[in-house]
Amino acid sequence: MIWPRDRFCPDPLAGLRGGTYAQTPLIAGAIGGSDLSWQPDPKGDFRAHWHSPQGRLLELDYACLGAVGWLGLHLPVPPDLGAGRWFGVALRHAADRPITLRLCLRAHLPCAGREDVFFLRMGMVGPEQVDHIDVIDPARIIDWPAQAQARELVLFLPVTQDYRWALHDLRLLAA
Amino acid sequence: MTGLDIALVVAARGDGSALDGLLRTARGLFAQMIVVEDGVSCLTGAARPDLTLRLPWRGGAGRARNLGLALVDCDYVLFFDADDRFGPDLPALLDDLAGRRFDICAFRHADARLARRGFWAEDVGARAIWAEAGLAIGALTPVAARLRPQLACLPAYPWTRIYRTAFLREKRIGFAPTWVHNDIPPHWLGLLHAQEVLASDRIGALRQRGQDRLSDRRGAIRADLFAALDPVARVIARAAAPWQARFAPWAADLIHWAEEERAASGPIWQAEKRRFVERHPDIATRLVA
């Protein structure tokens, strides 16, 4: 197992890890000068704020007001990661009530399309911090999108309930 | 130094090496470090607090803490036990609190005696209380007044709270002058009288497996419980209904715990218990005969 430090220098989340960001309304776009970005359903009816306490990536307060299609937290990863034997993600998080996240590796294809490969484990979390670790082995994925112009990790957060979610840390692994 | 002007008060009564270890890790976190030795010399000289006092005879941690509080020169104060350790999140918590005005900040702790998934953890009851109050997560969350009686149901450990010094002095809140359970008055009366309460899910304290801990004392000494509970029960009896509704079962559970887990019994215990339940029939009804 290796940490792909050479591919992630400087640390794409360093700004969030080391600094603090005050309460900010959730809108589409980059988060606090990091490579993380929110991509919510532009027609979604919700109210959400995030902030970044010291030593943590972010804390999110989300309230569902009506129909919301999705809320994604995106982190670009090097496109050549798909050439490795496997790709993994490790995150530490907590929520004020039980919620479930889905995680996927999204490939942006040369033909302008995209393909999502979902991690098998769902990120179930409640009031106690949990460490969620999962890997994707491309050799076991049928129709693995080997050719991609860009890849990103996407965390799909729940959209039909109110919750507070704290993302303490997020790391990518590859070999 | 962190951005919070905070003093550390340690009531010590024996283990010098543990106290030295604690003080070494306190450097850079606290603007003032006060050690009050409870009748015996504790410091080995390896670490030097800003102020060291020794009670002329053993008077218990409550008296030692009150003396330490009287000597605090900082805006905020953390009371700690010599045989515990600061949690990994304490520096970040103190930074979070810099520039904030609050009367009490309650934070999480981990207990070496409990393990969950291989890690230290809080006991199940405490975790449930944090979750029930909706305060289980969040680096720093203001606690609404309606949630404070719930928060008061946590164990009364003084080392999981940061107090504003002037708040304790203005409200004349101190520790009970007892050997055990001296932390009940600041815990309940602090939360009752505070205007601004913050909660943090950061782990600011690590409770060690200690020997001769006061919380492990057994037998007749537990009769101190009633001396610590009584003044609080009198105040709570005049407080709003949610406080009374939370305090009565909390106090009854503590009495049960002392009897079941710490072998509290004997004529002194029985006499003190009888006097207490006569004065506080609302708590008496919660006690199983």
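A cavity here is a set of points on a 1 Å grid over the protein atoms alone where a 1.4 Å probe fits but cannot get out. Keep that in mind as you move through this predicted model.

**Stop 1: the cavity in chain B**

By this rule, the count comes to one cavity of 30 Å³ or more. The largest cavity has a volume of about 50 Å³. To bring up its lining, select B:F107, B:H109, B:E122, B:W130, B:L154, B:P155, B:Y157, B:T160 and B:R161.

**Stop 2: a loop in chain B**

Stay with chain B and go to the loop between α6 (165-170) and α7 (184-193), where you will find B:R172. Is this residue buried or exposed? B:R172 counts as exposed because its relative accessibility is 79%, and the cut-off for that label is over 50%. Now check the backbone: phi of B:R172 is near 55°, a positive value in a residue other than glycine. For context, most residues other than glycine have a negative phi.

**Stop 3: a loop in chain A**

Next, switch to chain A and select A:D143, in the loop between β11 (130-136) and β12 (150-156). What is its phi near? Phi of A:D143 is near 60°, again a positive value in a residue other than glycine. With a relative accessibility of 61%, A:D143 counts as exposed.

Definitions and conventions: Residues numbered from 1 in each chain as written. Chains lettered and ligands numbered in written order. Predicted model: local features only at pLDDT ≥ 70, side-chain atom pairs only at ≥ 80, totals over all residues. Heavy atoms only, no water. Helix = DSSP H or I, 4+ residues; strand = E, 2+ residues; numbered from the N terminus. Buried < 20%, exposed > 50% of the residue type's maximum accessible area, 1.4 Å probe, protein only. 1 Å grid on protein atoms, 1.4 Å probe; cavity = no way out; pocket = protein on both sides within 12 Å on 5 of 7 lines; lining within 4 Å. Points joined across faces, edges and corners; volume = space filled by probe spheres on them.
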